Amino acid sequence: MNNKVTIMDHPLIQHKLSILRDINTSTMEFRTLVNEISMLMIYDATRDLPLSDKKVQTPCGIANCKEIEGRKLAFVPILRAGLGMVEGALELVPSARVGHIGLYRDEKTLQPVEYYCKLPKDIEVRDVFVVDPMLATGGSAIDAITQIKKRNPRSIKFLCIIAAPEGLKALTAAHPDVEIFAAGLDEKLNENGYIVPGLGDAGDRIFGTK
Ligand code: PRP
Ligand code: URA
């Protein structure tokens, strides 16, 4: 199966992304924007949830309505920057479970190093949304999804705010069945594996650690 890749061109997302990228955006504003963009992305990424018919008694009659057909969702942030995307996602789907995968990129080799993995027990009945603001070389996303697949979730989608062409290529090759959503597709990686123009180090900007 070949990946479906969606670059989200909604004006609200694009506007917020411009502010997010700005070197002068404060930590507080950055965090708020990551939340807001994540919420908008989840809104679109859940567009294909199946609906069933439902009749609702209104004060004036019976309305033929729809409801989401008992699907269970899970959000899995890749620590630590992915954490910044969880609140926005949960605002839209408060009943979702949250798993965590701890990975960091070795600064020299750029290879992901795993240090934590805790996923919902019933993940095999859940549609999983893996969230991480940055898809750079793709190593972290590939590794996280490989770990999650070992637990046989119902489906997996990957959501990032900015993707590099290199990461997108690597992720689609490694996991062709995973649908990918990004708010922006940038030009390239620099010699340190950072996305250009990107937004810098997402974790540092969310948590104010630089
Ligand atoms: C960042 C980002 C991704 C990863 C992307 O995390 O949040 O997880 O880099 O790079 P890749 O596609 O080349 O793997 P980082 O390793 O900086 O850790 P942090 O979130 O803890 O800051
Ligand atoms: N991780 C980040 O936080 N930013 C990048 O540009 C690449 C990896």
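A residue is taken to be near a molecule if one of its heavy atoms lies within 4 Å of it. By that criterion 14 residues surround ligand 1, and the closest are Arg-105, Asp-132, Thr-137, Gly-138 and Ser-140. This is a predicted model, in which local features need pLDDT of at least 70 and side-chain atom pairs count only at pLDDT 80 or more, while totals for chains, interfaces and linings use all residues. Residues are numbered from 1 along each chain as its sequence is written, chains are lettered from A and ligands numbered from 1 in the order in which they are written, and side-chain values use heavy atoms, with hydrogens and water left out.

**Ligand 1**

The shell around ligand 1 divides into 6 nonpolar, 5 polar and 3 charged residues, where Ala, Val, Leu, Ile, Met, Phe, Trp, Tyr, Cys and Pro count as nonpolar, Asp, Glu, Lys and Arg as charged, and the others, Gly among them, as polar. Several polar contacts (pairs of N or O atoms within 3.5 Å) are listed below for both ligands.

| Residue and atom type | Ligand atom | Distance |
|---|---|---|
| Ala-136, backbone N or O | ligand 1, oxygen | 2.9 Å |
| Thr-137, polar side-chain atom | ligand 1, oxygen | 2.5 Å |
| Gly-138, polar backbone atom | ligand 1, oxygen | 2.8 Å |
| Ile-195, polar backbone atom | ligand 2, oxygen | 2.8 Å |
| Gly-200, backbone N or O | ligand 2, nitrogen | 2.8 Å |
| Ala-202, polar backbone atom | ligand 2, oxygen | 2.8 Å |

On its own, ligand 1 has 500 Å² of accessible area, of which the protein covers 90%; such areas come from the Shrake-Rupley method with a 1.4 Å probe. Two or more residues of its shell come from each of strand E6 (100-105), strand E9 (134-135) and helix H4 (139-149), helices (H or I, at least four residues) and strands (E, at least two) being DSSP runs numbered from the N terminus.

**Ligand 2**

Around ligand 2 stand Arg-105, Met-134, Ala-136, Gly-193, Tyr-194, Ile-195, Gly-200, Asp-201 and Ala-202, a shell with 5 nonpolar, 2 polar and 2 charged residues. Ligand 2 makes a polar contact of 2.8 Å through one of its oxygen atoms with the backbone of Ala-202, and the protein buries 88% of the 240 Å² that ligand 2 exposes when taken alone.

**Pockets**

On a 1 Å grid over the protein atoms alone, a pocket is an open set of points where a 1.4 Å probe fits, with protein on both sides within 12 Å along at least five of seven lines, and its lining residues have an atom within 4 Å of a point.

The largest pocket holds about 690 Å³ of space, a volume being the space filled by probe spheres set on the points, which are joined across faces, edges and corners. Its lining comprises 30 residues, with Tyr-104, Arg-105, Ser-140, Tyr-194 and Asp-201 nearest its centre; strand E4 (72-79), E6, E9, H4 and helix H6 (202-207) each give two or more of them.

**Backbone features**

The peptide bond from Leu-79 to Arg-80 is cis, with omega near 0 degrees, and Arg-80 belongs to the loop between E4 and helix H3 (86-92). The bond from Val-196 to Pro-197 is likewise cis, Pro-197 being in the loop between strand E13 (195-196) and H6.

Methods:
Polar contact = N/O pair within 3.5 Å; in protein donor to acceptor, adjacent residues only side chain to side chain.
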